[in-house]
Amino acid sequence: MEKTIRNIQDVYDMLDAEFRTAKQFWEPFYEDRSRPIPFFPNKPDENLVAHVNSGLLTAGKALELGCGPGRNALYLTREGYQVDAYDLSETAIAWAKERANEEQLVVNFECRSVFELSPHAAYDLVYDSGCLHHLLPHQRIPYLEMIYNALRPGGYFGMTCFAPGFGGMGGPETVMNDWDVYREKSMKGGLAFTEEKLRYMLEESFECVELRPMKTKNQEDAEFGIPILWVTLWKKRDA
């Protein structure tokens, strides 16, 4: 029945309706490939490369959420992973597929919402490079549950997300109170997290392996790195 709340999904739908859809933002975002967006070049995150080079992450099956034009999914495929990668933007997925074809790599790129996924114990690694900080606070609940369920026992969840204090560099200046997101009906371009807040959200289901600021990389470097982000890696806890 329209506008009658009967279950938790009805509450989520009501809260979602107060904001523009993510697809409305991301579809035009990727249309001009020449824009000087730091994560447009085909470079993997420096932390992901570090964990692969150290042997902490070894080839297996990986899921990337909010993959954009595919830079991390392509890297993991080169390193021997079998990769499923999803993004809301048809434009971004088309770009990612072009890159895969150019490199003759086989990656399962699909245009789908992360909330349409329901994998069960299928992946050794789930990776999120900037997806979580664009989710509304209530959306974190099913999102993190999906990630936990997607991982095999002992699997890893890697992530980058906004840190506070970088208002002059394209990131948020402060950590916005979750309740204020709904009062103001805006995430102001993305939500920043403190280390304490990240641990509060994740430590019940995941063991923290690493949590640090992202290392800065230059234009000539083969890896992506900007200081406005946290990089963090978590290991799935036993149920």
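Which residue forms a salt bridge with arginine 112? The partner is glutamate 110, and the closest N and O atoms of the two are 3.9 Å apart. A salt bridge here is a side-chain nitrogen of Lys or Arg within 4 Å of a carboxyl oxygen of Asp or Glu. This is a predicted model, in which local features need pLDDT of at least 70 and side-chain atom pairs count only at pLDDT 80 or more, while totals for chains, interfaces and linings use all residues. Residues are numbered from 1 along each chain as its sequence is written, and side-chain values use heavy atoms, with hydrogens and water left out.

**Salt bridges**

- The structure holds 16 salt bridges.
- Arginine 112 is partly exposed at 28% relative accessible area, and glutamate 110 is partly exposed at 27%. Buried means under 20% relative accessible area, exposed means over 50%, and partly exposed lies in between (1.4 Å probe, protein chains only).
- Arginine 152 forms a salt bridge with aspartate 124, with the closest N and O atoms 2.9 Å apart. Arginine 152 lies in strand 5 and aspartate 124 in strand 4, so this pair ties together parts that are 28 residues apart in sequence. Helices (H or I, at least four residues) and strands (E, at least two) are DSSP runs, numbered from the N terminus.
- Arginine 152 is partly exposed, with 33% relative accessibility, and aspartate 124 is partly exposed, with a relative accessible area of 27%.
- Glutamate 195 and arginine 199 meet in a salt bridge of 3.1 Å, N to O. Both lie in helix 8, four residues apart, which is about one turn of the helix.
- Salt bridges that share partners join Glu46, Glu210 and Arg212 into one network.

**Arginine 99**

- Arginine 99 is found in helix 5 (residues 90–103).
- Arginine 99 is buried yet has no salt bridge, and the nearest side chain of opposite charge, glutamate 102, is 6.1 Å away. For charge, Lys and Arg count as positive and Asp and Glu as negative; His and the chain ends are not counted.
- The side chain of arginine 99 reaches the backbone oxygen of proline 69 at 3.2 Å.
- Apart from neighbours within four places in sequence, arginine 99 is in contact (heavy atoms within 4.5 Å) with Phe40, Pro41, Asn42, Pro69, Arg71 and Leu74.

**Aromatic rings**

- The structure holds 13 aromatic pairs. Rings of Phe, Tyr and Trp (its six-membered ring) pair if their centres lie within 6.5 Å; planes under 30 degrees apart count as stacked, over 60 as edge-to-face and the rest as tilted.
- Tyrosine 30 and phenylalanine 40 form a stacked pair, 5.7 Å centre to centre and with 25° between the planes. Both residues are in the loop between helix 2 (22–29) and helix 3 (46–54), 10 residues apart.
- Tyrosine 30 is buried, with a relative accessible area of 5%, and phenylalanine 40 is buried, with 3%.
- Ring pairs link Phe25, Trp26, Phe29, Tyr30, Phe39, Phe40 and Trp95 into a cluster.

**Helix 3**

- The buried residues of helix 3 include Glu46, Leu48, Val49 and His51.
- The buried residues of helix 3 pack against helix 4 (71–78), strand 4 (123–129), strand 5 (151–162), strand 6 (206–213) and strand 7 (229–236).
- Just after helix 3, glycine 55 takes a positive phi of about 90°.

**Cysteines**

- A search of the whole structure finds zero disulfides, a disulfide being a pair of cysteine sulfur atoms within 2.5 Å.
- Cysteine 111 is in no disulfide, and the nearest cysteine sulfur, that of cysteine 67, is 9.1 Å away. Cysteine 111 is partly exposed, with a relative accessible area of 32%.
- The sulfur of cysteine 131 lies 9.9 Å from the closest cysteine sulfur, in cysteine 67, too far for a bond. Cysteine 131 is buried, with a relative accessible area of 12%.

**Loop residues**

- Alanine 121 has a positive phi of about 50° although it is not a glycine, and alanine 121 lies in the loop between strand 3 (108–111) and strand 4.
- Lysine 188 also has a positive phi of about 50° without being a glycine. Lysine 188 is in the loop between helix 7 (178–184) and helix 8 (195–202), and counts as exposed at 59% relative accessibility.
- Glutamate 18 is found in the loop between helix 1 (8–16) and helix 2. The C-alpha atoms of glutamate 18 and lysine 185 are separated by 6.8 Å, while the two residues are 167 residues apart along the chain.

Technical notes. Polar contact = N/O pair within 3.5 Å; in protein donor to acceptor, adjacent residues only side chain to side chain.
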